[in-house]
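Welcome, and thanks for taking a look at this one. Please have a glance at the chain below before reading the notes that follow.

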Amino acid sequence: MTLEEMKQIDPSSVDRASLVDIGSIKLDSSQSREAQALSFLQQIKNPYLFRCGEVVVQIAFTDTPNTLEDVTEMYIRNRQQQEYVGTK
């Protein structure tokens with residue numbers, strides 16, 4: 001399935017149990033940002049539709065210069081920062 005097809009999925013038509021919980025995503029901070037982004041995409045399966053706990057999350061973008069890659073990188077940086085703060 002292409003990213004464009006993933007973007008078009010109606011969240012009400014999907015079994016929530018089949019969606020990946022974003023909290024289960026594990027990233028290896030020793031990997032490059034590119035490798036982490038690839039790992040994130042492989043684990044999340046559909047970056048436009050996933051769960052956060054019991055909440056179904058659908059991502060949509062407005063007309064902005066930010067790409068999915070930009071947003072994914074921001075997410076990875078935030079996760080790394082949270083993990084770093086959590087180890088102190």
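Is T72 buried or exposed? T72 is buried, as its relative accessible area is 6% (buried means under 20%, exposed over 50%, partly exposed in between, with a 1.4 Å probe and protein chains only). This is a predicted model, where local features need pLDDT of at least 70, side-chain atom pairs count only at pLDDT 80 or more, and totals for chains, interfaces and linings use all residues. Residues are numbered from 1 along each chain as its sequence is written, and side-chain values use heavy atoms, leaving out hydrogens and water.

**Around T72**
- T72 sits in helix α3, which covers residues 68-86 (helices are DSSP runs of H or I with at least four residues, strands are E runs of at least two, numbered from the N terminus).
- A polar atom of the T72 side chain lies 2.8 Å from the backbone oxygen of L68.
- Beyond neighbours within four places in sequence, T72 is in contact with A37 and F40 (heavy atoms within 4.5 Å).

**Core**
- The largest nonpolar core has 8 residues: V20, I22, I25, L27, F40, I44, F50 and I76 (a set of buried Ala, Val, Leu, Ile, Met, Phe, Trp, Tyr and Cys residues joined through side-chain atoms within 4.5 Å).
- Not counting residues up to four places away, I22 touches F40, I44, F50, R51, C52, Y75 and R79.

**Whole chain**
- The chain has 3 helices and 2 strands, in the order α-α-β-β-α.
- Of its 88 residues, 23% count as buried.
- Its C-alpha atoms fill a box of roughly 40 × 30 × 20 Å along the principal axes.

Notes: Polar contact = N/O pair within 3.5 Å; in protein donor to acceptor, adjacent residues only side chain to side chain.
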